[in-house]
Amino acid sequence: MPQLDPLAQMLNRRPQRLALLEQIAKQGSITRAAKAAGLSYKAAWDAIDELNNLADQPLVSRSVGGKGGGGASLTPAGARLLALHQRLQALQAQLLQAAEDDADLQLLGRLMLRTSARNQLAGRVSGIEAQGHNHLIDIELPGGLSLRAQITRGSTERLQLAIGSSVVALIKAGWLELQPVSSAGVVADNCLEGLIEQIIPASDGPSEVRIALANGQTLCAQAEAERLQRLGLAVGTAVRAQFAASQVLLGTQL
């Protein structure tokens, strides 16, 4: 069964994001789960964002603040994925027989992806349009949201993209321009709206802004505190994140 070796190696590495899922199920607290998984509180929040963004539906339900620094629990999708992971650990020799859903196996593969981009949004290719030496790739996100990426024709061929292909869209936090939803005009190829969930100030740079999208995914942006104040953007405010198609990087599974 040589085809099982890469998956066996993947499971043996036991990524911290899956370890965090286990601890959230046990602890019910982000603070306690982070400590048990060997992560800082901020790293745990980042990991939860990545987990929810890479899945077709949120894996973790969370609440900000409160006793213990914020509560958290697994959604039915998260509990199902964790159960699958635990079964795969126990039955590596019978991996293909133990797996109940190929989509869940693909999700486990996506969770192994590590990049420097703060935003990793899983979706499917819904359109490919030629534009000179480039292609405009339309990507459907869970919940009916969408975005567009601009890549070279060579990249389209190298990634073997076609309608229906699963992809991960990577967007750096600094590339997102924030505007109030009430502001007039959209000047970018992509526009995603949501509610500001958290603003984390920094003493030596822009604040980190977490934006909860309607589909359960989360965007992370950066903005100077002065700009946020001038635009009237605060926790609970509706916000529009704009970015160019050329600022979206695409990744696929090998």
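Leaving aside its neighbours within four places in sequence, with which residues is isoleucine 139 in contact? Contact here means heavy atoms within 4.5 Å. Isoleucine 139 is in contact with Gly123, Arg124, Ser126, Leu145, Ser146, Leu147, Ala149, Val167, Ala169 and Leu250.

The structure is a predicted model, in which local features need pLDDT of at least 70, side-chain atom pairs count only at pLDDT 80 or more, and totals for chains, interfaces and linings use all residues. Residues are numbered from 1 along each chain as its sequence is written, and side-chain values use heavy atoms, with hydrogens and water left out.

**Overall make-up**

The protein has nine helices and twelve strands; these are DSSP runs numbered from the N terminus, helices being H or I of at least four residues and strands E of at least two. Of its 254 residues, 44% are buried, where buried means under 20% relative accessible area, exposed over 50%, and partly exposed in between (1.4 Å probe, protein chains only).

**The nonpolar cores**

A nonpolar core is a set of buried Ala, Val, Leu, Ile, Met, Phe, Trp, Tyr and Cys residues joined through side-chain atoms within 4.5 Å. In soluble globular proteins, nonpolar side chains tend to be buried together. The largest such core here has 29 residues, and Ile139, Leu147, Leu178, Ile211 and Leu250 touch the most other members. Among the strands that each supply at least two residues of this core are β3, β4, β8 and β9. A second, separate core of 22 residues includes Ile30, Ala37, Ala44 and Ala55.

Six of the seven residues of β9 are buried.

**Asparagine 119**

Asparagine 119 lies in strand β3. Why does asparagine 119 count as buried? Asparagine 119 counts as buried because its relative accessibility is 1%. A polar atom of its side chain lies 2.6 Å from the backbone nitrogen of cysteine 220. Leaving aside neighbours within four places in sequence, the residues in contact with asparagine 119 include Ala169, Leu176, Thr218 and Cys220.

Notes: A polar contact is a pair of N or O atoms within 3.5 Å; within protein, one must be able to donate a hydrogen and the other to accept it, and residues adjacent in sequence count only if both atoms are side-chain atoms.
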